[in-house]
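I opened this notebook page to keep a record of what I looked up, step by step, and of what came back each time.

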Amino acid sequence: MKRKEVNSSRMPVYRDAGFELFDAGTTAEAFKKETEHEREPDNYIYSRYRNPTVVSAEEEVMRIEGCEWALLTQSGMSAIDTALSIFQNSNETRPWLFFTEIYGGTISFIESVLKKRRGLDIHYFTPENGKYDLKEFGKEISKLKPALVYIESISNPMLIVADVQEITRIAKKNGSRVIIDNTFSTPLLYKPLNDGVDIVIHSATKYFSGHGNLTAGVICGNSRKIMQDAIEYRKFVGHMLSPDDAYRLQTQIQSFELRFSRQCSNAANLAEYFNKVPVIRKVWFPGLKNHPTHTIAKKLFEGKGFGAMITFDFEGKDGKEKRRRRDKFIKLVSEKIKLIPTLGDPHTILMPVEAVWGSKYPEPGMIRLSVGFENYNELEKTLRKALDAIGKS
Ligand code: PLP
């Protein structure tokens with residue numbers, strides 16, 4: 001049957017596993033060109049290699065990130081695997097240096113895949129008193145001379161903002177590549193490629209898709225060589241995003257800036273409010289003057305916002321009382337604020353820190369909030385009701 005052209009204004013979902021190549025000449029040409037690893041090929045061959053719906057969604061990410069190329073993957077973790085693995089080389093023996101305050105899943109990947117299985121020489125750099133000491137970092141890096149440095153712009157759950165500009169400058173002086181996971185800041189607050197970072201990663205599961213309904217990752221950059229290596233790796237290990245998820249991401253990312261700026265302003269208002277609540281002992285939010293990295297956040301984000309995550313801790317004479325208050329809070333808000341282990345959803349959601357990180361952060365009352373884009377007054381009302389009740393009990 002001959003297919004009719006349809007005037008759709010959107011890229012449709014192309015669910016084809018393989019694409020028609022018609023004759024031996026076109027096939028030979030398509031496979032020859034495939035070795036050049038262009039992001040958008042002249043002839044699509046097979047959806048694990050490249051898919052038009054995915055390519056179109058990548059263009060939306062490129063627009064937002066302001067970069068030369070973006071490659072979508074099935075998850076944030078597969079984006080991380082791709083970004084790191086392309087720098088693994090059988091002739092390369094230099095170590096890799098990771099900042100410790102990064103996503104727990106990335107730490108597990110480093111430990112169980114990079115170290116245990118692939119035998120890489122891994123080193124970590126730890127913060128002191130809630131921030132990174134860049135003098136120490138300078139000493140460490142000039143001693144180690146790592147092939148790559150890996151950081152997150154805003155850490156989880158203490159929301160430490162890394163001075164990415166300075167870290168990149170020091171890393172480059174020492175001949176290291178820099179990879180950054182920018183999931184928490186998003187390009188609305190900061191675009192690391194402009195400061196010389198080699199690769200930016202996002203878990204697109206979070207703010208880019210923004211509705212808690214798909215899992216995706218993306219790596220972004222400006223270097224053609226890195227892009228070709230990443231396309232090749234994504235193809236061979238099968239990290240390609242599905243066309244259905246790419247279509248939904250492409251649609252949902254249209255509202256990213258609106259959603260995220262509202263989430264940031266809701267979070268800033270909420271952090272100010274929490275700061276005045278007697279039953280809350282401490283609030284961690286980079287927009288508050290008392291956050292250890294407030295000055296760095298102001299410099300890096302240039303007043304565009306401070307992200308949409310808040311961590312706070314309850315007052316209490318001991319751990320038992322703090323846990324009791326935490327549990328009561330979770331129960332009292334549960335109608336409107338759900339305990340869901342993700343972030344970047346439309347509605348505010350929460351996580352009890354101790355239940356996820358164990359004793360790494362020793363305050364048992366701690367709660368991490370991913371602030372949504374719901375009506376701020378309604379949100380504060382829900383929280384105020386719960387916190388007033390806890391204050392009285
Ligand atoms: N990076 C950060 C900062 C994350 O928070 C997460 C997941 O929570 C990931 C990467 C992994 O992303 P995904 O769950 O999409 O694989």
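**Ligand site**

I began with the question of where the ligand sits, and in this predicted model I found it in the second largest pocket. I then listed the shell around the ligand, which holds 13 residues, and noted that Met77, Asp181, Ser203, Thr205 and Lys206 come nearest. Sorting the shell by class, I counted five nonpolar, five polar and three charged residues. I also asked which element gives the largest share of the shell, and the entry I wrote down is helix H3, residues 76-85, with three residues.

For Asp181, I found a polar side-chain atom 2.6 Å from a nitrogen atom of the ligand. For Thr205, a polar side-chain atom lies 2.5 Å from an oxygen atom of the ligand. I then looked up how much of the ligand is covered: taken alone it exposes 390 Å², and the protein buries 89% of that.

**Sheet**

I turned to an open sheet of five strands and wrote down its order as S8-S9-S12-S11-S10, with mixed pairing. Strand S8 (280-284) and strand S10 (338-339) stand at the edges and have a single partner strand each, so one side of each is left without a neighbour in the sheet. When I looked up what stands opposite Lys338, I found Ile349 in S11.

**Backbone entries**

Last, I checked the backbone for exceptions, keeping in mind that most residues other than glycine have a negative phi and that most peptide bonds are trans. The peptide bond from Asn156 to Pro157 is cis, with omega near 5 degrees, and I placed Pro157 in the loop between strand S4 (148-152) and helix H6 (164-173). Phe22, a residue other than glycine, has a positive phi, near 70 degrees, and I located Phe22 in the segment before helix H1 (24-34).

Definitions and conventions: Residues numbered from 1 in each chain as written. Predicted model: local features only at pLDDT ≥ 70, side-chain atom pairs only at ≥ 80, totals over all residues. Heavy atoms only, no water. Near = heavy atom within 4 Å. Polar contact = N/O pair within 3.5 Å; in protein donor to acceptor, adjacent residues only side chain to side chain. Areas by Shrake-Rupley, 256 points an atom, 1.4 Å probe, with all protein chains shown as cover. 1 Å grid on protein atoms, 1.4 Å probe; cavity = no way out; pocket = protein on both sides within 12 Å on 5 of 7 lines; lining within 4 Å. Sits in = over half its atoms within 2 Å of the grid points. Helix = DSSP H or I, 4+ residues; strand = E, 2+ residues; numbered from the N terminus. Nonpolar A, V, L, I, M, F, W, Y, C, P; charged D, E, K, R; others polar. Pairing = 2+ DSSP bridges.
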